[in-house]
Amino acid sequence: MTSSDLLSELVPVFAAYGAVFMLAGVLPFVLAFLLDGIVQIVRGNGFKALIAAFVLSVVIAAAGYLVLVWASAQAPLTPGTVASLNTVATYFLSFSVPLALIAFIARTIILVRAGSRG
């Protein structure tokens, strides 16, 4: 096995793990910013934050999905690797979703306190 063969087998695997990280690790935080955008609309501050968060979430979701589809079509992704990707996604989601919600709640509390003082 040459280094080129090894590289061609490892790139899709690493790409798949990167896509899982984007979809299960980063995307929940970006989606929490969508909630911030909704809060900004309710407070009368306009749609700017909501539109920015929506565009960013679509870009991250599309990029992660396309990379995952590409990597899944490659030969080295065995059923064991796919099971491992599912496990990693589950672990990421079990931490990133609660942390994203906690961050959203903290930002909202800070915003409400700053608004009530001023």
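Good morning. I begin with two helices, α1 (residues 3-42) and α2 (residues 48-72), whose axes come within 8 Å and cross at roughly 165 degrees. The axes are lines fitted to C-alpha atoms over the stretch in contact, with angles from 0 to 180 degrees between N-to-C directions; helices are DSSP runs of H or I with at least four residues, numbered from the N terminus. α1 and α2 are therefore roughly antiparallel, a term for angles over 145 degrees. Their contact comprises 29 nonpolar residues, 4 polar ones and no charged ones.

The model is predicted: local features need pLDDT of at least 70, side-chain atom pairs count only at pLDDT 80 or more, and totals for chains, interfaces and linings use all residues. Residues are numbered from 1 along each chain as its sequence is written, and side-chain values use heavy atoms, with hydrogens and water left out.

I turn now to charge. How many salt bridges does a search of the whole structure find? The search finds 1, where the term requires a side-chain nitrogen of Lys or Arg within 4 Å of a carboxyl oxygen of Asp or Glu. Aspartate 36 pairs with arginine 107, and their closest N and O atoms are 2.5 Å apart. Because aspartate 36 belongs to helix α1 and arginine 107 to helix α3, the pair ties together parts that are 71 residues apart in sequence.

Finally, the surface. Leu35, Ile38, Val42, Leu93, Val97 and Leu101 form a nonpolar patch. The elements giving two or more residues to this patch are α1 and α3 (79-117), and leucine 93 lies in α3. Patch residues have over 30% relative accessible area and no salt bridge; like charges are joined within 9 Å, and nonpolar side chains (Val, Leu, Ile, Met, Phe, Trp, Tyr) within 5 Å. Thank you.

How values were computed. Angles under 35 degrees count as roughly parallel, over 145 as roughly antiparallel, 65 to 115 as roughly perpendicular and the rest as oblique. Ala, Val, Leu, Ile, Met, Phe, Trp, Tyr, Cys and Pro count as nonpolar, Asp, Glu, Lys and Arg as charged, and the others, Gly among them, as polar. Accessible areas come from the Shrake-Rupley method with a 1.4 Å probe; for residues, only the protein chains shown count as cover.
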